[in-house]
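Me: I would like to go through some labels attached to this model and ask what each one rests on. Please set the values against the definitions.

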Amino acid sequence: MHEAEQVIQRVLRDLREGAHRGVVVDSPPGAGKSTLVVRAAVEIAATGDPLMIVAQTNEQVDDLIDRLGRRAPELRVGRLSATDYRPTGRVTGHPAVRVAAKVADLGGPAVTIGTAAKWATVTEGSWPWAIVDEAYQMRADALLRVAGRFERALFVGDPGQLDPFSTVETFRWTGLTWDPMQSAVATLLRHNPELPVHRLPVSWRLPDSAAPVVSAAFYPFTGFRAGTGPADRVLTFTEPGPGDAYDASVEVAAATGWALHELPARHTVRTDAEAAAACAELALRVLARGAVAVSEAAPGGAPVTADRIAVGAAHRDQVAAIRSRLGAAGAGITVDTANRLQGREYDVTIVLHPLSGRRDATAFHLESGRLCVLASRHRHACVVVARAGIGELLDAYPSTERVHLDVPVKFPDGWEANQTVLTHLDAHRA
């Protein structure tokens with residue numbers, strides 16, 4: 001805790017007193033990124049200077065408003081939104097929050113929050129301070145559209161998560177310094193290499209069983225550690241099970257933090273019915289067996305309810321297949337793609353491995369950020385569902401990606417990250 005607090009103090013000092021117009025903070029999964037954003041916002045607002053906050057999704061905006069409302073209920077916050085936006089309970093629950101589609105209608109709040117897409121439509125006004133949340137998810141062109149609105153900024157994000165994506169071909173810009181598909185942070189540092197970069201050293205989400213493997217696989221040069229010890233988190237079951245393979249997997253996961261639920265080797269279509277059924281059954285089994293999670297937040301134990309369980313997959317059709325197999329018994333269990341699970345946290349996660357059942361290993365399925373998101377959402381345990389043969393697929397996969405000039409090499413490599421995770425999972429087969 002002391003080490004993390006020292007980093008936060010240095011970040012806030014650089015932001016307030018530093019000679020640079022920007023400060024970058026790299027945050028591993030669950031390192032308190034949102035807490036830092038809220039704390040910085042409250043401290044800046046206390047000086048009397050107005051502040052703008054740029055987030056990437058409406059979900060992130062509403063979450064930050066809720067956190068700000070809890071931390072500083074008296075703080076006047078403006079929620080910049082689309083005209084058809086309907087405020088969620090996280091927004092309406094705070095009387096000091098005003099919602100409007102135009103900055104002029106917000107009444108001059110201390111903090112104005114909106115998505116990057118909404119801020120790009122603002123044509124007037126400037127702010128002395130800005131905070132860009134989830135800056136690694138923000139495309140470079142989105143930053144350029146809002147950069148003229150602020151004087152100094154704090155950029156906070158997780159470098160191990162998924163890169164920005166586009167639904168159109170972007171090869172024409174590859175290698176250019178203004179490539180719009182670079183993340184906001186990559187572009188910022190490419191043009192301003194002297195900017196201070198801080199790194200939060202501790203994950204408060206990932207348990208002691210997960211932080212070392214996630215750090216080694218996805219953050220090899222900027223490692224981090226868990227904020228809790230081996231005995232601080234315990235997952236137990238209050239109900240007996242039938243003793244089948246699903247029971248074996250959830251019990252291994254409860255005992256060690258990880259489990260590999262391996263299906264027979266087979267090349268399948270993307271919506272592998274057997275794999276989807278296995279994911280659904282594992283989630284339902286955790287629920288049916290009355291899992292109880294003991295942690296620093298609940299020393300007496302808290303039931304792992306449906307809203308504390310998530311199932312993650314690479315594709316939306318896989319998500320739909322899994323959700324259909326959960327049925328009414330799985331109402332409340334989150335099932336979503338890695339892109340939409342970013343930033344969220346659960347007690348137990350079930351992951352359908354992106355390479356399960358595939359004949360090839362494409363760049364999409366090998367992207368290290370995708371597996372990183374899926375493997376770093378849990379506070380207690382993660383069960384990975386995969387068909388046998390992924391190791392052999394990786395060994396046989398030749399790199400056929402184009403080599404582009406002036407494109408910084410991204411670390412870690414997806415091939416290496418997958419191998420690291422698989423090596424760890426080998427010791428956690430049910």
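Reply: A definition comes first: a residue is buried when its relative accessible area is under 20%, exposed when that area is over 50%, and partly exposed in between. The model itself is predicted.

Me: Why is E134 called buried?
Reply: The relative accessibility of E134 is 6%. The cut-off for buried is under 20%, so E134 counts as buried.

Me: Where in the chain is E134?
Reply: E134 sits in the loop that joins β6 (127-133) to α6 (140-146).

Me: Is P196 buried or exposed?
Reply: P196 has 18% relative accessibility. Buried means under 20%, so P196 counts as buried.

Me: Which residues does P196 contact, apart from its neighbours within four places in sequence?
Reply: P196 is in contact with D14, H20, G22, V23 and V24. Contact here means heavy atoms within 4.5 Å. P196 itself belongs to the loop between α7 (184-191) and β8 (197-199). G22 is 174 residues from P196 along the chain, with a C-alpha separation of 7.6 Å.

Me: How do you know that T334 is buried?
Reply: T334 has a relative accessibility of 15%. The limit is under 20%, so T334 counts as buried.

Me: What makes A363 partly exposed?
Reply: A363 has 37% relative accessibility. A363 is in helix α13 (residues 363-366). Its C-alpha atom and that of L235, 128 residues apart along the chain, are separated by 35 Å.

Me: Why does Q6 count as partly exposed?
Reply: Q6 has a relative accessible area of 38%. Q6 lies in helix α1 (residues 2-17), and 17 Å separates its C-alpha from that of A226, 220 residues apart in sequence.

Me: How do you know that the radius of gyration agrees with a compact globule?
Reply: The globule rule is 2.2 Å times the number of residues to the power 0.38. For 430 residues a compact globule would be near 22 Å, and the protein chain has 22 Å, so the two agree. Along its principal axes the C-alpha trace spans about 60 × 55 × 45 Å.

Me: What else describes the whole protein chain, starting with how many helices and strands there are?
Reply: There are 16 helices and 18 strands. Of the 430 residues, 52% count as buried. Among contacts with a separation of 6 or more, 76% come from residues 24 or more positions apart.

Me: Which residues does the UniProt annotation "domain: DNA2/NAM7 helicase-like C-terminal" cover?
Reply: According to the unreviewed UniProt entry, that annotation covers residues 303-387. Over residues 303-387 the chain is 31% helix and 32% strand, with the end C-alpha atoms 31 Å apart.

Methods:
Residues are numbered from 1 along each chain as its sequence is written. This is a predicted model: local features need pLDDT of at least 70, side-chain atom pairs count only at pLDDT 80 or more; totals for chains, interfaces and linings use all residues. Side-chain values use heavy atoms; hydrogens and water are left out. Helices (H or I, at least four residues) and strands (E, at least two) are DSSP runs, numbered from the N terminus. Buried means under 20% relative accessible area, exposed over 50%, partly exposed in between (1.4 Å probe, protein chains only). UniProt positions are given in the numbering used here, feature names are shortened, and annotations may be inferred rather than shown by experiment.
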